[in-house]
Amino acid sequence: MTPAQGALDAQPSTAPLLVASQGAIRVLTLNRPSSLNSFTGAMHRHLLQALNDAAQDTQVRAVVLTGAGRGFCAGQDLSDPDMASPDGGAPDVAAVVERHYKPLALRVRSMPVPVIAAVNGVAAGAGANLALCCDFVVAAKSASFIQAFSKIGLVPDCGGTWLLPRLVGRARAMGLAMTGDKLPAAQAKEWGMIWEVSDEPLADAMAMAERLAAMPTKALVATRQLMRNAMQRGLEAHLNVE
Ligand code: T3D
C-alpha cells in the first residue's frame with residue numbers, strides 16, 4: 001500500500017474529494033463516480049480548500065488531479081440543489097460561474113507548483129476545462145474531451161474560450177465549442193491539446209509529478225508564467241522579462 005493509498009483509506013469513501021499525499025505530491029481525486037464526478041457545491045468547496053491547502057504547504061512540490069471511477073469529471077451537476085436559485089426559479093448560471101468556476105480556474109492556474117491532470121475517462125463541460133487549466137494533461141486512451149455547453153444553451157466556462165484557441169487554434173477551438181462533439185484523447189494529443197495518452201494515466205501522471213517535484217519549483221512556475229504571457233508581449237518586451 002502506498003502512503004497515498006493509506007491516506008485515501010482514512011477518508012470516508014463518500015467524501016466528494018479524496019486528498020492524499022505521496023512524498024511531495026498531493027493527489028486530489030474527484031469522488032462522485034456514480035455521476036461521473038460532476039460538480040456539486042460541496043465538491044467545489046472541498047476542491048478549492050484542498051488546492052489552497054496544497055498551495056500553502058511548503059512540503060508539496062506537485063499536485064495531481066484525477067477522478068474516481070470511469071470518468072474524470074462531467075462538469076456541473078445540473079441537478080445539484082446547491083445550484084438552485086434562492087427563490088426557486090431557474091439557476092443563476094452567471095452566479096454559479098462567478099462563485100465556483102472562476103475561483104477554481106484562477107486557483108489552478110496560479111498554483112505555486114506544477115499541476116498535472118490524470119484524465120482517467122470522459123472530461124465534459126467544466127470538467128474538460130478544469131483539466132486544460134492544468135500544466136500537463138495525461139489522459140487514458142479511452143478518455144475524451146467534450147465542450148458540452150452548447151448543447152444546453154451555455155457558453156464554455158472555467159476558462160474554455162480562453163484556453164482552447166491558445167491550445168489548438170481558432171478553427172478547432174470554435175469547432176469543439178460550437179458542436180460539443182467528443183474529442184478522443186488520441187486526437188487531443190495530436191492537436192497539441194494534451195501532453196500524453198496512456199494505458200495508466202494516474203501512474204504516468206504520478207511519474208511526471210515525481211520528476212517535476214525533484215526539480216527547482218520556482219523556475220518551473222516562472223517558466224509557466226513566461227509561456228502564458230508570451231503571446232501578449234512583443235519579443236523585446238518579453239526578452240526583458242526573461
Ligand atoms: O449554473 C451552471 O450550471 C453553470 C456551470 C456550468 C458548467 C458545466 O460544466 S455545464 C456542462 C454540464 N455537463 C454536461 O452537460 C455533461 C452531461 N453528461 C453527458 O453528456 C454524458 O454523461 C457524458 C458524455 C459526459 C458521458 O456519457 P456516458 O454515456 O458515458 O455516461 P452517462 O450514462 O450519460 O452518465 C453516467 C451517469 O452519470 C448517469 O447517471 P445514472 O443514469 O447512471 O444514474 C448520468 O446521469 C450521470 N451524469 C453524467 N453527467 C452528469 C451526470 N449527473 C449529473 N450531472 C452531470 N453533468
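Let me start with a definition: I call a residue buried under 20% relative accessible area, exposed over 50%, and partly exposed in between, with a 1.4 Å probe and protein chains only. Helices are DSSP runs of H or I with at least four residues, strands are runs of E with at least two, and both are numbered from the N terminus. What you see is a predicted model, where local features need pLDDT of at least 70, side-chain atom pairs count only at pLDDT 80 or more, and totals for chains, interfaces and linings use all residues. Residues are numbered from 1 along each chain as its sequence is written, and side-chain values use heavy atoms, leaving out hydrogens and water.

With that in hand, let's go to helix H6, residues 170–179. Which of its residues are buried? They are Ala173, Leu176 and Ala177. Seen down the axis of H6, they fall within an arc of 90°, so they line one face of the helix; the arc is that of the directions from the helix axis to the C-beta atoms. On the other side of H6, Ala171 and Met178 are exposed. Just after H6, Gly180 has a positive phi of about 70°.

Asn129 is buried, at a relative accessible area of 0%. Leaving aside residues up to four places away in sequence, Asn129 touches several others, including Phe149, Asp157, Gly160 and Leu163.

Now for the ligand. There are 23 residues around the ligand, and Arg70, Ala74, Gln76, Ala126 and Asp157 come nearest; near means a heavy atom within 4 Å. Of this shell, H3 gives the largest share, 3 residues. A side-chain N or O atom of Arg70 is 2.9 Å from an oxygen atom of the ligand, and a backbone N or O atom of Ala74 is 2.9 Å from a ligand nitrogen. The protein covers 62% of the 1100 Å² of accessible area that the ligand has on its own, by the Shrake-Rupley method with a 1.4 Å probe.

Note on methods. Polar contact = N/O pair within 3.5 Å; in protein donor to acceptor, adjacent residues only side chain to side chain. Contact = heavy atoms within 4.5 Å.
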